[in-house]
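Take a look at the protein below.

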Amino acid sequence: MTNHKAFRFILVALMLVWALSSLAASVDQLIKNFDGDQNVNNANAFFKELDNEKFTDELLSFTANTHPDTLRQQVWYWAAEWYYDQQQFELARDYGLKALPHCKTGNNRIVEGDCENLLGAIFIRLANYKEAVVHAQACYELDRRSGDPDMMSSSLNTLAKIYMGARQPKVAEGYILKAIENAKKANNPTRMAVIYGTANEIYHSLGDEQKAYDYAKQAYDINMGQGDLSSAAMRQVGMASALLWLKRYDEAQSNLEAAIPQLRADGNLPSLGIALNQMGGVMLQTKRPAEAVKYYREAAHIFVKLKDYYNESHSRLGLYNALKDSDPKAAMAEMERYKALKDSIYSSEAAQSLSRAHAELANDELMLENEAQRKTTRNVFLIGVAVALLLLAIGALVWWIMRRRNKRQNAINEQLSANIDELREQYRQLHLNYDAAMATNAKKVETDSLTDADKDFLESTVNVVNELIGDGQIDAASVAARLNLSPYQFRQRLSAITGNTPQAFIQVIRMRRARHLLDNHPELNVADVARLCAYNDTPNFTRAFKNTFGITPSQYAAQR
């Protein structure tokens, strides 16, 4: 009898557990339930769960008389918001596009504008900037008609983010300044913090690190005043990024030590990965390579999971610099991974844009780390000599070929034929981009070690590169075509001779031409130099120059 009662008790308990678990259906299942049967009960169940999750400010509920289109509009819009928050951007896009027609039919500009703005943000995360601009501009037009400065500041901020993701920070600056102006009129601190965060990214990309820091600090102060620790942690990462460039390493470390635990607790993987990369940079700058390895490894693991190739490449380069003295074999493995990632980013513009958009915070400080490490080890000095010899050999060939051309071209060639001591000094003092890092694995190339066929090939290659630069358009495929080679054949042969990729080979010539023009032609502005180096727009040229030499063209010209 006792056993029978015990059995009944267990059975009742199991039924109760089953009933409770059925009531606690997941948000995903509730969305699927509504998709299958678009009735008011399923809609209310969905919003009840959002309220339980504290996702909405208040409980949304509908009566049996609510029009089905209203139910579809609200459920699908909030489903898009939910999936955006969960970083499931494809699902967020699908539900946002399903909601948009229903948002438009209600003739409610606020609802329609919210949906357009959300879709703009979603397409930024998907790196589809063409679609992002369409929705963001539609949102701004609705907000402009309303005359509401708070709403206008929000849509302007979205447009600024789009142009940042599309790597046009100068255009983004115009939008963000308008956004700040409208946010001040609206007196909305929460909105202001978000906009200041975007301004931090933009000015970091433009190389104005003090202004980038100031905006991040203002956003941080607002978030802390509101008790929003999650947002404040992201602002601290933005502050640390600027502080690294300003060489205020202790302050950068302090901000990161406060931000990292909060980002872990929030599950904010993109910002956590960037913060870990930055902490690795602090460790390298302060001569703690063993600690740097720990931070870079965790960051690399995160970016592999996120398929963020751009920021993973920074983690790999950081690991190379941290390991090259203590474990050269492991360091070279990281360098190989770094080179593979760079090739992948070159071959897929969408992948590069996507990784930058996901990051939301710039992460270029790893280039700064290389400078200190190169100055402190004998091995890196020898690598510098090898690179200088390679550049001298290429410069001599270019000078010999181009001396037959016009006076202006001859002037460029004279700079390319600089002696090895000058090249070595430049290598120690300038922040070279990843092309210099890739050259660490390249073999030494002496002029007298080249066969006649190799010399002819290099002469032809350099000649074609300069002709294409003169035509205003240059890429590896075009060079290969002029040489009657496939891109693969061209890459293989050039790499076998120089140890460099075609992109790296071409970039060396373009950047040296740019530096020569800035040194010898003060009458040219930065836009003129960009055009003469075959860049279609000044921001891309400025970014390439800064990645190569560590400063912007304007800063370089001012230091002449």
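This is a predicted model. The protein has 560 residues, and 52% of them count as buried. Its secondary structure comprises 30 helices and zero strands. Now take contacts between residues at least 6 apart in sequence: 63% of these join residues at least 24 apart.

**Helix H3**

H3 covers residues 40–52.

Which residues of H3 are buried? They are Val40, Asn42, Ala43, Phe46, Phe47, Glu49 and Leu50. An α-helix has 3.6 residues a turn, so residues three or four places apart point the same way.

The table sets out their geometry.

| Pair | Angle | Axes apart | Crossing |
|---|---|---|---|
| H7 (residues 129–146) and H8 (residues 149–165) | about 160 degrees | 8 Å | left-handed |
| H8 and H10 (residues 189–205) | about 25 degrees | 10 Å | left-handed |

Take H7 and H8. They pack at an angle of about 160 degrees. That angle makes H7 roughly antiparallel to H8, because angles over 145 degrees count as such. On the H7 side, the contact residues include Tyr129, Ala132, Val133, Ala136 and Tyr140. On the H8 side, they include Met151, Met152, Leu156, Leu159 and Ile162. By class, this contact has 12 nonpolar, five polar and two charged residues.

Now take H8 and H10. Their angle is about 25 degrees. Angles under 35 degrees count as roughly parallel, so H8 is roughly parallel to H10. H8 contributes Asp150, Ser153, Ser154, Asn157, Ala160, Lys161 and Met164 to the contact. H10 contributes Arg191, Val194, Ile195, Thr198, Glu201, Ile202 and Ser205. What is the make-up of the contact of H8 with H10 by class? It has five nonpolar, five polar and four charged residues.

**Summary**

H8 packs with H7 at about 160 degrees, and with H10 at about 25 degrees. The H7 crossing with H8 is left-handed, and the crossing of H8 and H10 is left-handed too.

Technical notes
Residues numbered from 1 in each chain as written. Predicted model: local features only at pLDDT ≥ 70, side-chain atom pairs only at ≥ 80, totals over all residues. Heavy atoms only, no water. Axes fitted to C-alpha atoms, helices over the stretch in contact; angles between N-to-C directions. Helix = DSSP H or I, 4+ residues; strand = E, 2+ residues; numbered from the N terminus. Parallel < 35°, antiparallel > 145°, perpendicular 65-115°, else oblique. Left-handed = near helix turned anticlockwise from the far one by under 90°. Contact = heavy atoms within 4.5 Å. Nonpolar A, V, L, I, M, F, W, Y, C, P; charged D, E, K, R; others polar. Expected span 1.5 Å × (residues − 1). Buried < 20%, exposed > 50% of the residue type's maximum accessible area, 1.4 Å probe, protein only.
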